Amino acid sequence: GVLGLPVATPPSGVYGAGQSVALMAAPGTTVRYTVNGTDPTPSSPAYTGPFALTSSLVLKARAYQGGWTESGILTQVYQVDTTPPTVIAKVSPQPN
């Protein structure tokens, strides 16, 4: 059979630094992934747990299992919003 695509949570989007990204796939499979835009291969790092976004990246993931055809490639694009928050201060008169 052919393995289904892994699933990334959260999906592609713009997030604050430190956002956790998790990958899931069918039980018994090994998910291998890259964060530099290249396609994952059987020698790519194996997913072991959620990781935090520290910069914008292109995540690609693929599921592998012995005796099965590898999954297609999941591609997710994450952008880290580095815009500082806007702070609006109001000065009130001091009470008498």
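The following dialogue discusses how to read the features of a predicted model.

Biologist: How many helices and strands does the chain have?

Modeller: Helices (H or I, at least four residues) and strands (E, at least two) are DSSP runs, numbered from the N terminus. Here there are 0 helices and 7 strands. The radius of gyration, taken over C-alpha atoms, is 20 Å, well over the 12 Å that the globule rule (2.2 Å times the number of residues to the power 0.38) gives for 96 residues, so the chain is more spread out than a compact globule. Along its principal axes, the C-alpha trace spans about 80 × 25 × 15 Å.

Biologist: Which strands form the open sheet, and in what order?

Modeller: Two strands pair if DSSP finds at least two bridges between them. The open sheet has 4 strands in the order β2-β7-β6-β4, with mixed pairing. Its edge strands, β2 (13–16) and β4 (30–34), each pair on one side only.

Biologist: In what sense do β4 and β6 pair?

Modeller: β4 and β6 (residues 57–64) pair in the antiparallel sense over 5 bridges. Tyr-33 has Ala-61 in β6 as its bridge partner.

Biologist: What share of the residues is buried?

Modeller: Buried means under 20% relative accessible area (1.4 Å probe, protein chains only). Buried residues make up 29% of the 96 residues in the chain.

Key. Residues are numbered from 1 along each chain as its sequence is written. This is a predicted model: local features need pLDDT of at least 70, side-chain atom pairs count only at pLDDT 80 or more; totals for chains, interfaces and linings use all residues. Side-chain values use heavy atoms; hydrogens and water are left out. Buried means under 20% relative accessible area, exposed over 50%, partly exposed in between (1.4 Å probe, protein chains only).
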